[in-house]
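Here's a quick briefing for anyone opening this structure for the first time. Take a look, then read on.

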Amino acid sequence: MYEVTVESHFSSGHYLRDYHGKCENPHGHNYRVLVTLAGEELEPNGLLLDFKILKDILKPVVNYLDHQMINDLEPFTTVNPSAENLAKYFFDETNTRLSDVTKGRVRVKSSTIFETNTSQATYSE
Ligand SMILES: Nc1nc2c(c(=O)[nH]1)N=C([C@H](O)[C@H](O)COP(=O)(O)OP(=O)(O)OP(=O)(O)O)CN2
Ligand SMILES: [Zn+2]
């Protein structure tokens with residue numbers, strides 16, 4: 001199995017609902033997101049998928065959240081914008097876009113969100 005990972009960054013505000021502590025108050029993070037693809041077959045040129053294509057897929061997803069209050073954006077008006085739920089959001093959004101491009105040859109394996117250098121959450125299938 002081959003894996004390819006790209007990283008991106010965005011800066012956004014959020015607050016946690018149903019949470020008692022400082023994170024129930026609006027605050028911001030310089031988020032890092034990692035998206036990892038997996039597949040068994042390489043293209044004839046030896047690439048699983050060009051990093052550039054994956055970055056192009058990730059970019060609109062990042063841009064939607066960048067410099068926004070995440071709680072004001074769908075689906076986070078009702079889905080709590082925890083690192084876990086953000087990781088699942090990136091997984092789903094990139095996987096849908098990727099399947100259009102690769103017709104199932106490559107899939108998203110995992111998505112990781114860093115809220116800080118010491119706090120991260122991963123969603124994988
Ligand atoms: N499992 C989760 N726990 C927490 C989340 C989360 O998304 N998933 N989010 C928060 C807060 O939003 C915030 O990110 C606080 O994180 P924390 O690591 O506590 O950040 P600090 O900078 O305050 O870290 P310190 O080590 O305490 O300085 C909380 N929990
Ligand atoms: Zn936070």
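Where is the place of His-67? You'll find His-67 in the loop between helix 1 and helix 2. Keep in mind that this is a predicted model.

**The loop**
- His-67 isn't a glycine, yet it has a positive phi of about 55°.
- Pro-75 also sits in the loop between helix 1 and helix 2.
- The peptide bond leading from Glu-74 into Pro-75 is cis, and its omega is near 5°.

**The two helices**
- Helix 1 covers residues 51–65 and helix 2 covers residues 83–102; their axes come within 10 Å and cross at roughly 135°.
- As for handedness, helix 1 passes helix 2 in a right-handed crossing.
- On the helix 1 side, the residues that meet helix 2 include Ile-53, Ile-57, Pro-60 and Tyr-64.
- On the helix 2 side, the residues in contact include Leu-86, Phe-90, Glu-93 and Arg-97.
- Sort the residues of this helix 1 and helix 2 contact by type and you get 13 nonpolar, 1 polar and 2 charged.

**The zinc site**
- His-14, His-27 and His-29 coordinate the zinc ion (ligand 2), each through NE2, at 2.0 Å.
- Along the sequence, the donor residues of the zinc ion (ligand 2) follow the spacing H-x12-H-x1-H.
- The arrangement around the zinc ion (ligand 2) is irregular, because its 4 donor atoms subtend angles of 96 to 136°.

Conventions. Residues numbered from 1 in each chain as written. Chains lettered and ligands numbered in written order. Predicted model: local features only at pLDDT ≥ 70, side-chain atom pairs only at ≥ 80, totals over all residues. Heavy atoms only, no water. Axes fitted to C-alpha atoms, helices over the stretch in contact; angles between N-to-C directions. Helix = DSSP H or I, 4+ residues; strand = E, 2+ residues; numbered from the N terminus. Left-handed = near helix turned anticlockwise from the far one by under 90°. Contact = heavy atoms within 4.5 Å. Nonpolar A, V, L, I, M, F, W, Y, C, P; charged D, E, K, R; others polar. Donors = N, O, S within 2.8 Å, 3.2 Å for Na, K, Ca; no water. Tetrahedral: all angles 85-135°; square planar, octahedral: opposite > 155°, others 65-115°.
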